[in-house]
Amino acid sequence: MEDSVDRHLARWRGRAPFDERVEAVVTRMQFLVKHLAHTKEAALKEVGMQDFEFETLHRLVARDGSATPSELAADLLLSPAGMTGRLDTLERSGLVRRIRSTEDRRRVDVELTSKGHDLWMDAMTIRGQVEADLVNALPPADQALLDGLLKRLLVKAEAGH
């Protein structure tokens, strides 16, 4: 069974200085990451959501549905001005609401609305099904093996080589 990476390797064989096995592994991982990014994009499009909306709602869900704008900005690596613009858009769409503290009027919390949670859940459901369909191409034992192998590679990468 041939895939696009086999064709890529054949095209470059003898023309570039790389170890074919390393090139095959790395290129397949890169192609799978691209595939998963496209499936995420399609899931968001299906529910009428943009990536920035999903990412912000995702961080809010991870924080139990409430966070300060500065916490979200830190999570998303955004400037305060960038976060304000994003929250303005989400609030106009009814996906989040800003709530001013009664004790400290300078403090504002951002809360996920039920509409925002439902939209996030719809996108997660579609995305999760596509991811499961891909991973379930392998039997459970192979899934466990692949997970272990990828974990070893990630531990190595995160350790800084």
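Good morning. The structure is a predicted model, in which local features need pLDDT of at least 70 and side-chain atom pairs count only at pLDDT 80 or more, while totals for chains, interfaces and linings use all residues. Residues are numbered from 1 along each chain as its sequence is written, and side-chain values use heavy atoms, with hydrogens and water left out.

I begin with the patch. V22, V25, V26, M29, L138, L146, L150 and L153 form a nonpolar patch on the surface. Together the eight named residues have about 590 Å² of accessible area, by the Shrake-Rupley method with a 1.4 Å probe, where only the protein chains shown count as cover.

Helices α2 (20-46) and α7 (140-158) each supply at least two patch residues; helices here are DSSP runs of H or I, at least four residues, numbered from the N terminus. The largest share, four residues, comes from α2.

I turn now to the largest pocket, with about 1,100 Å³ of space. A pocket is an open set of points on a 1 Å grid where a 1.4 Å probe fits, with protein on both sides within 12 Å along at least five of seven lines; lining residues have an atom within 4 Å of a point. Of its 28 lining residues, R28, L32, L138, L146 and L150 lie nearest the centre. α7 gives the most to this lining, with nine residues.

Methods: Patches are made of residues with over 30% relative accessible area and no salt bridge: like charges are joined within 9 Å, nonpolar side chains (Val, Leu, Ile, Met, Phe, Trp, Tyr) within 5 Å. A salt bridge is a side-chain nitrogen of Lys or Arg within 4 Å of a carboxyl oxygen of Asp or Glu. Grid points are joined across faces, edges and corners, and a volume is the space filled by probe spheres set on the points.
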